[in-house]
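The following note is meant for a colleague who is meeting this structure for the first time. Please read the numbered points alongside the sequence and the model.

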Amino acid sequence: MLNTFFRKKNFPSVNPRHDTTQGSEAADLAAEMLMAPTALMQLTMPEARMVVRYMQPQIVAKGTIFIREGDARDTGFLMLLLDGEVTVETLVVSRVEPIVITLLGPGSLIGELGMFDGLPRYASCIAATQLRCAILTRKALNSLMQENPAVAAKLLLAVSLRIGARLREMTDKLKMYVQLTQAMEQEIASRPDA
C-alpha cells in the first residue's frame, strides 16, 4: 500500500540567521549537490550553505506518493533528492495503469514547476526507495529572496536553466515521436491494400 506524503505537510519554520545545519552530513551533501556542475548551479559553498539553511531535511518512506498528478492544492515546495530513487508516472488516455516517464536519482530537483507557477502537478512522484531529501518551501524561498536577494537570484537562475534543459529534452523527444508517426503513416499509405 502506498503512503501519502507528510500527513500534515507543515514544514518547520526556518531561521536562517541561526545555522543549525553546520556540520550536518545531510546539509553538507545538499550544499555539495547545489554546487555540482550537473546541477547547473553557479553557487559558491557559502552561498550553497545559505540556501540549505532555508531548506528542511526530510525522510520519505518507500512507496510514498509525495506529488500526485493533478493536485493543485499542494504545490508549495520543491525537493532536492539527496539519496534514493523516485519514479515519475503519468496517466495516459486509453490506459488503465499509469506509465513511467522517468526514474530520478540523487541531485534531482523535483516539483519546481508547481512551486513556481502554482498550477496542478503534471505527474505523480513515488519513492521507489526510502528517500533522504531537502525541502524548500515557497515561504522559505520568499524569505531567501527578501533576506539574500543575490543568492536567491543565482538559485532561481540555476533552476530556470534546469527547467529549460528539461524542456529542450522533451522537445527533442516530441520531434522524434512526430518523425516516427510520419514514417508509420507513410509506410501504411504505401501498402497496396491500404
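1. The model discussed here is a predicted one.

2. The side chain of E112 meets that of R166 in a salt bridge, with 2.7 Å from N to O. This pair joins distant parts of the chain, as R166 belongs to helix α5 and E112 to helix α3, 54 residues apart. R166 counts as partly exposed, because its relative accessibility is 27%.

3. Both residues also belong to the lining of the largest pocket: among its 31 lining residues, L104, L109, E112, Y122 and R166 are the closest to the centre. The space in this pocket comes to about 780 Å³.

4. Helix α5 contributes eight residues to that lining, the most of any element. Strands β5 and β6 and helices α3 and α5 each supply at least two. By class, the lining comprises 18 nonpolar, six polar and seven charged residues.

5. The structure contains five salt bridges. One of them pairs K154 with E47, whose closest N and O atoms lie 2.9 Å apart. Here helix α5, which holds K154, is linked to helix α2, which holds E47, across 107 residues. K154 is partly exposed at 28% relative accessibility, whereas E47 is buried at 18%.

6. A further salt bridge joins E25 and R132, with 3.8 Å between the closest N and O atoms. E25 lies in helix α1 and R132 in strand β8, 107 residues apart. E25 counts as exposed because its relative accessibility is 59%, while R132, at 23%, is partly exposed.

Methods
Residues are numbered from 1 along each chain as its sequence is written. This is a predicted model: local features need pLDDT of at least 70, side-chain atom pairs count only at pLDDT 80 or more; totals for chains, interfaces and linings use all residues. Side-chain values use heavy atoms; hydrogens and water are left out. On a 1 Å grid over the protein atoms alone, a cavity is a set of points where a 1.4 Å probe fits but cannot get out, and a pocket is an open set with protein on both sides within 12 Å along at least five of seven lines; lining residues have an atom within 4 Å of a point. Grid points are joined across faces, edges and corners, and a volume is the space filled by probe spheres set on the points. Helices (H or I, at least four residues) and strands (E, at least two) are DSSP runs, numbered from the N terminus. Ala, Val, Leu, Ile, Met, Phe, Trp, Tyr, Cys and Pro count as nonpolar, Asp, Glu, Lys and Arg as charged, and the others, Gly among them, as polar. A salt bridge is a side-chain nitrogen of Lys or Arg within 4 Å of a carboxyl oxygen of Asp or Glu. Buried means under 20% relative accessible area, exposed over 50%, partly exposed in between (1.4 Å probe, protein chains only).
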